[in-house]
Amino acid sequence: MTPFTSFRPLVKTGFLWWLLVVSLLLISLLFWAFSGGQQVPWLLLIGVCTIFILASTLGYFLYQGQMNRLQQQLQQLQELGDATSELLALPAKCESESSFLNAFLSKAVALVEGAEMGSVIVIQGPDRKLHFAAAYGQELKQLQQLNMLLPQTFQYRLTGGRCDRVIIINDTDNTDDQIARQLFGGQLIRATLSSPIYVEGKLYGLLNLDSTEPDCFNDYDSTVIDILSKEAANAIALYQKSQQIHQLSCYDQLTGLANRSYFDQQASQWPLRQQLQSYLLLLDIDELKRINEEQAHDHGDEVLRQLANILRQQWPAKALMCRLNGDKFAILSYGEPAQLSEWLQQIRNDYAMQQPGINFSYATVPFNGNVAESIDLAARVIDKHRQ
């Protein structure tokens, strides 16, 4: 704030006082003029001046109050504009959709003056089950234990199932809604504000803001939350699209494992440890070409998916896995050779139970940081064993 800005209210107040004094002098002059040079009716003059001063003072305070409210709303609009801009930038900064929802909820609670707590509820599955994905001022794990469906919420009931607008309940004593009457710190939620979040035309979830005080939400709060919900929906859509692009560019669509390009990228950052050796394991499904020719490619695809699932679910150590190409898989893992061979043998046994008659060959080679060199070495080992 500059010195001139801080001095401006004093200048404005001084001007108003001079305006009041000049107005009183003009009233006095008018009384003197209309008295025809005779004695001025001082009692009447004092009464008129008193009424004028009271009316002017009341008008000033009403004007000042209105200006303060407008200034406050202008500041809130500025904060809202900043918040919506930040929402669109959040997906790039957040590691997961859950972390984005928590950041979004914190901004919503901060922008609505009466809000003490809140939650973001995601609608899941065809039965429209409620999943609490984020919470502010409440225990998320406790909320996630609730077993509720969308039709049980007041958002659904008060909109006739449309869930198409912001709903305000300023006194939950007048409702039997199960979410609105959750206990918070031993106190009953007395007011709640709920907004639907639609992502690409589909109901994604609900934003709920709550307070332990009744009658604390108004139409302006409703407008703010409506705007925030729409901007959040845009941000969620951007995040989901970025995840889809990442999935398509970095993962094999058939098995869900990393593809060769992403594997090479991650393997180049693999931390080599002196106390624990790193190994690259190459797995090659035997006679996949014959399986595709005799039992069709659908069966061959299922053979690949089954092996990927077993590797992902049952490999006991931290590892980087990928489908290199065709019938080959690679694993980058810490461990000892004997231990790795034991794990691979167990996976081979489990795989044989799910795909009888189908086996895979494998080779384990030390990993020194050069992915291509390690894969070529492992491939030569497998070819040597097959001869």
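Author: Helix α7 (residues 260–267) lies across β8 (278–285), β9 and β10, running at about 145 degrees to β9. This is a predicted model, where local features need pLDDT of at least 70, side-chain atom pairs count only at pLDDT 80 or more, and totals for chains, interfaces and linings use all residues. Residues are numbered from 1 along each chain as its sequence is written, and side-chain values use heavy atoms, leaving out hydrogens and water.

Reader: What makes β9 and β11 edge strands?

Author: The open sheet runs β9-β10-β8-β11, with antiparallel pairing. β9 (319–325) and β11 (360–366) each have a single partner strand, so one side of each has no neighbour in the sheet.

Reader: How do you know that β9 pairs with β10?

Author: Two strands pair if DSSP finds at least two bridges between them. β9 and β10 (residues 328–334) are joined by 6 bridges, so they pass that rule. L320 stands opposite L332 in β10.

Reader: Why is C163 called buried?

Author: Buried means under 20% relative accessible area, exposed over 50%, and partly exposed in between (1.4 Å probe, protein chains only). C163 has 1%, so buried it is. C250, at 10%, is buried too.

Reader: How many disulfides are there by the rule?

Author: The rule asks for a pair of cysteine sulfur atoms within 2.5 Å, and the count comes to 0.

Reader: What span is expected for helix α6?

Author: Take 1.5 Å times one less than its number of residues. For the 32 residues of α6 (219–250) that gives 46 Å, and the helix reaches 46 Å from its first C-alpha to its last.

Methods: Helices (H or I, at least four residues) and strands (E, at least two) are DSSP runs, numbered from the N terminus. Contact means heavy atoms within 4.5 Å. Axes are lines fitted to C-alpha atoms, for helices over the stretch in contact, and angles run from 0 to 180 degrees between N-to-C directions.
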